[in-house]
Amino acid sequence: MTNHNLRDVYGRTLVELGKENKNVVVLEADLGKSTMTCYFEDAFPNRFFEMGIAEANMTSFAAGLSLTGKIAFTNSFAVFAAGRSYDQIRQSICLPKLNVKIVGSSAGLSDYGDGSTHQTVEDIAIMRAIPNMTVLVPADAVETAKMTRAAAAHEGPVYLRITRSDLPDVVPENEEIVIGKPYLLRDGSDVVVYACGAMVSAALEAAEAAKAQGLSLRVVNVSSLKPIDEAALKKLADGVKAIVTAEEHSLIGGLASVVTYAFRGSALPIECIGIADKFGQSAENINVLMEAYGLTAAEILKAAVAAKRKATV
Amino acid sequence: MNREHIAKVESAARRLRWDIVEMIGPNVRGHFGGSLSLADIVAALYFYKMRHDPKNPAWAERDRFLLSKGHAGLVQYAALAECGYYPKAELAKLKTLGSILQGHPDMRRMPGIECSTGSLGQGLSIACGMAAGLKLDGSKAQVYCVVGDGEAAEGQIWEAANAASHYKLDNLVGVLDRNRLQATGAIEKRFNTNPVVEKWESFGWHVAECDGHDAASLIAAFDALDGVHGKPKMLVARTVKGSGLPFAENDAAFHNGAVTSEQYEQARKLFCADAVH
């Protein structure tokens, strides 16, 4: 699997969208060289709005732009995009269902150096809880490009969560991305692993390692955290004996909540890999940090073994 | 401006005041204070200054009116009904289940509402974005946005003030409802946000002042602002909270208060004297 940078692809896709549609506008809170909106600024300076380090105003300002027919993308680190601007997203954008895309960059633990203030473990939970909001978490660069396009095409608020890390390509280039649909990436018969974001490639790695133990893992990419086609999600568990979820996010309100809720009343045992109600911290690289928080292929495999052991059928 | 314009605005303001009182009704709490302080300003905008079409609320070239202090929505509901955006009979349904008259303005329910407001501090930012979008389109439309002086304690107001002057949004006219009262008392005592004029000027805005209850003063001020280019404009309108109801004027208790049955009849006499029907 080749690694690609999600932010870079996001920035380039914005430029493509800007070429195709003059109504696409981009707002930035002084992080354009990190979120990679700098490409759009170079290409379309008149449609790029540097809003200074003032995320609240940026978010409501985007609402105003959308009210003149613009498709507005606001950009910052996820922790500020979703956290600092929560009330503006709720009141200015989601309540009137305006066509604004909130892009949370350097999400999860991926800003490993900057530590807990700049990492976000709860953004998916906060954004999912707001009515009218759509929440998308691409698993690689290919899906980032497709989801940026899907977000632009979708009429209404979208939260797009983008990691800082380079991630292995896992989504087929020819796959059409439909909001709300979960995607089967690898079939297996014993345990289904529902994963999102950076944990999708970890799940695929776990599936490969599981073969040696005679365990067959199915891997599903749940990149639409909201809405989610529950029937499709459940169908992807047909025939397996247990379920594992894996996400680079708190166990509260993210993928674990989506899946356990969808499987309410089901007899299938479920194990959840995620961040156990803790903040992040600084580390020398992302791998050390992911390991410290139990967000690895090895942990997914352990969880799959444990879940299957609990299975009664 | 001529006498006819002035008389039209004055008459409209009386109707708006009565609509506000009637909408809330006797012995029920409602946002009287801040709605009444805006009656003349809103009348001057909807019945004189703004280009708008009640039959076509989505007309692209219309001027926009935004109420950043969304709790004064009653005055805008009244103006929209009086202009014919929706039937006046709806006013009786204020804050009832399913009504287009929500506690705070809801653009998805009521025609003519430009954006949903109510969480203080956000409307001015929305107005800035709207003004920037209209400029991108080369539109001549103006954006009018009322900010409360109590609301100006919100930090986001000053983020917006910065953004408006950075982007030279001269199609944006702010109106500061300078009634000097926040919900719990005098601004000077409770949480002092003075000085007003100097602050807006230092943020790069052109600032004008007027009597917010004098139709001629408001009309002249709005007209004069048309000639100011290159920067956003703030009209500081000196107002009286509860304006028009002698028992409510300058009384913070009427921010969200109730009138007695006797006061309700008194208001009817004050505002309906020139009613001809």
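Select B:Asp19 to begin: this residue is buried, at 2% relative accessibility; buried means under 20% relative accessible area, exposed over 50% and partly exposed in between, with a 1.4 Å probe and protein chains only. The model is predicted, with local features needing pLDDT of at least 70, side-chain atom pairs counting only at pLDDT 80 or more, and totals for chains, interfaces and linings using all residues. Residues are numbered from 1 along each chain as its sequence is written, chains are lettered from A and ligands numbered from 1 in the order in which they are written, and side-chain values use heavy atoms, leaving out hydrogens and water.

Helices (H or I, at least four residues) and strands (E, at least two) are DSSP runs, numbered from the N terminus. B:Lys88 is partly exposed, with a relative accessible area of 41%.

**A second pair in chain B**

Move to B:Arg178 and B:Asp149, whose side chains meet in a salt bridge of 3.3 Å, N to O. B:Arg178 belongs to strand β3 (residues 172–178) of chain B, while B:Asp149 is in the loop between β2 (143–148) and α6 (155–166), 29 residues apart. Both B:Arg178 and B:Asp149 are buried.

Next, select B:Arg15, B:Asp19, B:Glu82 and B:Lys88 together: salt bridges that share partners join these residues into one network.

**Helix α5 of chain B**

Select α5(B), which has 14 residues and spans 20 Å from its first C-alpha to its last, close to the 20 Å expected at 1.5 Å a residue. The expected span is 1.5 Å times one less than the number of residues. Twelve of the 14 residues are buried, among them B:Cys128, B:Met130 and B:Leu134. After the helix comes B:Gly138, with a positive phi near 70°.

**Over to chain A**

Finish with A:Arg264 and A:Glu230, joined by a side-chain salt bridge at 3.5 Å, N to O. A:Arg264 lies in the loop between α11 (255–262) and β14 (270–275) of chain A and A:Glu230 in helix α10 (residues 230–235), so the pair ties together parts 34 residues apart in sequence. A:Arg264 is partly exposed at 46% relative accessibility, and A:Glu230 is partly exposed at 26%. Over all chains, the structure holds 30 salt bridges.

Methods. A salt bridge is a side-chain nitrogen of Lys or Arg within 4 Å of a carboxyl oxygen of Asp or Glu.
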